[in-house]
Amino acid sequence: MSLSPRLRLRSFLESAPIIGVLLATLVIGGCSAARLGYNNSPTLVYWWLDSYFDFDDAQSLRVRNDLQTLQDWHRKAEVPLLAQKLKDLQAMAPKAVSAEQVCALVSDLQTRVQVTLERATPTIAAIAPGLQGAQLEHMTREFERRNRKWQDDWIAGTLAERSERRVKQLVERAESFYGPLEDTQLTVVRAHIANSSFDGPRQLQEMQRRQKDALQVLKKIRAGEIPLTQTNTQVRGLLERTLKSPVPAYRSYMDQITSEGCSAMAALHNASTPEQRTRLVQALKGYEEDARALAAQRPEEPSNDQPPSAL
């Protein structure tokens with residue numbers, strides 16, 4: 001049975017925050033797919049949010065309009081920065097890289113995430129007081145569904161099965177840039193997974209903390225326990241706690257995971273062949289060209305790409 005476009009996209013949007021759609025759509029495939037994804041990102045993000053909130057008509061109109069405004073700002077302010085970053089990476093790609101350089105890139109992207117989410121705060125604050133009890137119950141059920149999927153993917157089964165899924169996931173991502181990996185690179189990936197500090201139950205616990213936090217804040221806003229003048233501040237605090245856990249032990253864990261990932265990425269790149277590095281440069285150049293074309297496109301310009309149903 002064929003899935004609807006909305007359900008086919010669900011797996012891509014499953015764990016992606018808003019920024020994951022606004023930025024990561026630049027690297028979801030070939031050039032036409034990247035432009036298609038970005039130009040339709042307000043719709044994609046709306047679908048992702050609606051899967052949690054089940055918006056009514058008035059909320060839907062507000063969110064759709066605000067997402068379009070957010071994309072217009074992002075196209076003008078953030079996409080040129082992304083294009084420059086992609087250009088800088090092309091200069092790095094033919095050379096060996098260090099784990100520190102990879103982590104610096106990760107940190108820079110995290111900063112851009114925070115900047116973009118800050119722009120989304122007023123929208124969430126505006127719809128929060130009007131959320132209905134049924135919508136919060138819908139959100140609770142969606143959280144529970146997502147948690148079950150996480151358990152199925154990263155907790156259930158044997159360690160060998162989970163490790164093989166992670167190896168496959170990382171190999172597919174790497175090969176989208178480098179082409180088929182060499183045996184030495186596959187060894188790097190497998191060693192990284194074998195020695196990784198990844199802890200599925202710990203990450204599920206943090207997901208549940210974030211979910212509880214979100215529901216508590218939204219329920220307090222809906223009940224009027226938080227003055228409307230403080231709504232933006234409360235939502236901003238919620239988003240900050242989502243990006244950076246208030247639990248010191250979890251922050252230390254994520255620092256470790258990030259450090260391990262940076263080391264593995266550097267090792268994989270340093271084991272790449274000249275041909276793979278040439279392919280990487282070409283891929284990055286294609287994405288840079290996409291980003292510059294998207295930045296130059298005026299908000300009112302209609303796209304010549306196919307609608308989302310073509311995905």
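This is a predicted model: local features need pLDDT of at least 70, side-chain atom pairs count only at pLDDT 80 or more; totals for chains, interfaces and linings use all residues.
Close-up 1. Setting aside neighbours within four places in sequence, the contacts of Arg 209 are Arg 241, Ser 245, Pro 246 and Val 247.

**Close-up 2. Helix 11 from end to end.**

**Close-up 3. Helix 12 and what covers it.** Helix 12 takes in residues 231-243. Its 13 residues should span 18 Å, and the end C-alpha atoms are 19 Å apart, which agrees. Which residues of helix 12 are buried? They are Thr 231, Val 235, Gly 237, Leu 238 and Leu 239. Among the elements covering them are helix 7 and helix 11.

**Close-up 4. The largest nonpolar core.** This core holds 32 residues. The ones with the most contacts inside it are Leu 49, Phe 53, Phe 55, Val 63, Leu 67, Met 139 and Leu 218. Two or more residues each come from helix 4 (41-53), helix 5 (57-77), helix 7 (99-127), helix 8 (133-154), helix 11 and helix 12. Helix 4 gives the largest share, with 8 residues. Apart from this core there is another one of 21 residues, including Leu 89, Ala 174, Leu 268 and Leu 294.

Close-up 5. Not counting residues up to four places away in sequence, Phe 55 touches Tyr 46, Leu 49, Asp 50, Ser 60, Val 63, Ile 127 and Gln 135. Phe 55 also belongs to an aromatic cluster with Tyr 46 and Phe 53.

Close-up 6. The whole structure has 9 aromatic pairs, and Trp 154 with Phe 198 is an edge-to-face one. The ring centres are 6.2 Å apart, with 75 degrees between the planes. Trp 154 belongs to helix 8, while Phe 198 is in the loop between helix 10 (183-195) and helix 11, so the pair ties together parts 44 residues apart in sequence. Trp 154 is buried at 13% relative accessibility, whereas Phe 198 is partly exposed at 24%.

**Close-up 7. Two tyrosines in helix 13.** Tyr 250 and Tyr 253 share helix 13 (residues 248-270), sitting 3 residues apart, or about one turn of the helix. Their ring centres are 5.5 Å apart and the planes make 45 degrees, so the pair is tilted. Both tyrosines are buried: Tyr 250 has a relative accessibility of 9%, and Tyr 253 has 5%.

**Close-up 8. Stepping back to the whole protein.** The protein has 14 helices and 0 strands. Of its 311 residues, 41% count as buried. Among contacts with a separation of 6 or more, 82% link residues 24 or more positions apart. The protein exposes about 16,600 Å², and carbon and sulfur atoms supply 54% of that.

Technical notes: Residues are numbered from 1 along each chain as its sequence is written. Side-chain values use heavy atoms; hydrogens and water are left out. Contact means heavy atoms within 4.5 Å. Helices (H or I, at least four residues) and strands (E, at least two) are DSSP runs, numbered from the N terminus. Buried means under 20% relative accessible area, exposed over 50%, partly exposed in between (1.4 Å probe, protein chains only). Accessible areas come from the Shrake-Rupley method with a 1.4 Å probe; for residues, only the protein chains shown count as cover. A nonpolar core is a set of buried Ala, Val, Leu, Ile, Met, Phe, Trp, Tyr and Cys residues joined through side-chain atoms within 4.5 Å. The expected span of a helix is 1.5 Å times one less than its number of residues. Rings of Phe, Tyr and Trp (its six-membered ring) pair if their centres lie within 6.5 Å; planes under 30 degrees apart count as stacked, over 60 as edge-to-face and the rest as tilted.
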